[in-house]
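Colleague: Can you walk me through this one? I'd like the pockets, the ligand and the metals, with the cut-offs as we go.

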Amino acid sequence: MATGRVIFHVDCDYFFAQAEELRNPSLKGKPVVVCVYSGRTPDSGAVGTANYPARKLGIHSGMPIAFAKKKATPGTVFLPVDLPHYSAVSGKIVRVFQEFAAKVEKTSIDEAFLDVSQETNGDFSAARELALKLKHGIKGKTGITVSVGVGPNKLVAKIASGHQKPDGLTIVQPEKVRDFLSALDVEKIPGIGGKTSAKLREMNVNTVKDLASVPVAVLVENFGRARGAFMHNASLGIDESEVTSERERKQLSIIRTLKQDAKNPAEMEGFLKEISEKLFERVKAEGVFFRTVSIIAIDSRLGHFTRSKTLESPANSFEAIHSTARALFESFFSEKKGVVLRRGGVGVANLGEPKNQKSLSDFA
Ligand code: DCP
Ligand code: CA
Ligand code: CA
């Protein structure tokens, strides 16, 4: 039996303010407010973040600085943002992540997803041990505390990391996902913001459980096909998106509309050769090798599908693009009986430098 995935989402606690405390320990215990000054008047701008003592005073991210100053006590420290310092701390943290997982996807200056399915063998008690070690490792090597969410996919892990803060660890086993989500407010779902949730409230939908009971057709009617489907899946805790490292994300691709819709691989042979040639030109121009070839298929109902194949060794030839893409389209057509293709594309990813042997061996 294939074991499921185990995903971590790690979010640094009160990040900018914590990074300030790190280089100036005398700040610890005092309210600290990191300000993004706009420069118009001495106090114009917004609060970037505040540490927990400052939050206790009612000071929060996004608040006008002048307003935060009214809430502050005499001992409150206001500091200007120093992005180069926070980026340096962030870089150190990412290097610790990479010691713990082969697949790390940094999504902002203070957070990342780690796919630890292999490292834990899909086991959630091993995941707990690993998450504790990770928190300990980050604290030891960088001095920063983080909150970690563990779940069977990115969506659940992301919601879980915000569940207990600071220095939190929230583990949601696959069989607990529905229970964990059901009582939460719909706004806890990343991607459901104020506008969507206001509309949902008008429909009498407040919690994720409420959302799960709305027929998907009703969601599609109100929010469109892609968003409706996303909201429905999210309410059930379903998310199949992968954790992709920066190198994997980097890709070259070509996508075009067919002159005539294609119902089988033979009908798109000329088209495929043409776009493969165009892509090959770009690969040559960039001077890169690739490990992954992918196809993009958009059918007559505007459904998007992607399929990809990872090659055994890095390649840089037209043949590798064309034959792999052809095989992928062939299996796509046989898998999706009756599909009518309107647009198609090919892409290469997992790119590496040709001259530098060392980076080629990184592929292994
Ligand atoms: N940030 C900002 N302006 C905002 C929100 C955030 O400049 N309106 C910056 C400062 C934060 C950093 O981004 O430190 C990370 O944002 P988070 O939302 O993760 O918030 P914090 O890390 O500050 O706090 P928490 O402990 O709640 O995660
Ligand atoms: Ca944070
Ligand atoms: Ca964050």
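Modeller: Residue classes before anything else: Ala, Val, Leu, Ile, Met, Phe, Trp, Tyr, Cys and Pro count as nonpolar, Asp, Glu, Lys and Arg as charged, and the others, Gly among them, as polar. This is a predicted model, where local features need pLDDT of at least 70, side-chain atom pairs need 80 or more, and totals for chains, interfaces and linings use all residues. Residues are numbered from 1 along each chain, chains are lettered from A and ligands numbered from 1 as written, and side-chain values use heavy atoms, without hydrogens or water.

Colleague: How does the lining of the largest pocket divide by class?

Modeller: The lining of the largest pocket has ten polar, six charged and four nonpolar residues. A pocket is an open set of points on a 1 Å grid over the protein atoms alone, with protein on both sides within 12 Å along at least five of seven lines; a cavity is a set where a 1.4 Å probe fits but cannot get out, and lining residues have an atom within 4 Å of a point.

Colleague: Which residues are closest to the centre of the largest pocket?

Modeller: E242, T244, S294, T306 and S308, out of 20 lining residues. The elements that give two or more residues to this lining are α13 (246-249), β9 (251-262), β10 (290-299) and β11 (304-315); these are DSSP runs numbered from the N terminus, helices (H or I) of at least four residues and strands (E) of at least two.

Colleague: Switching to ligand 1: which residues are closest?

Modeller: Y14, F15, T49, R55 and K165, from a shell of 14 residues (a heavy atom within 4 Å). β1 (7-12), α1 (15-23), β3 (45-50) and α2 (52-56) each supply at least two residues of the shell. The shell divides into five charged, five nonpolar and four polar residues.

Colleague: What is the distance from an oxygen atom of ligand 1 to a polar backbone atom of Y14?

Modeller: It is 2.7 Å for Y14. Backbone N or O atoms of F15 and F16 also lie by a ligand 1 oxygen, at 2.9 Å for F15 and 3.0 Å for F16.

Colleague: What coordinates the calcium ion (ligand 3)?

Modeller: D11 (OD), D110 (OD) and E111 (OE), at 2.1 to 2.4 Å. Donors are N, O and S atoms within 2.8 Å of the metal (3.2 Å for Na, K and Ca); water is not among the atoms, so the site may look incomplete. In sequence, the donor residues are spaced D-x98-D-E.

Colleague: How far apart are the calcium ion (ligand 3) and the calcium ion (ligand 2)?

Modeller: They are 3.5 Å apart, and D11 coordinates both.

Methods. A polar contact is a pair of N or O atoms within 3.5 Å; within protein, one must be able to donate a hydrogen and the other to accept it, and residues adjacent in sequence count only if both atoms are side-chain atoms.
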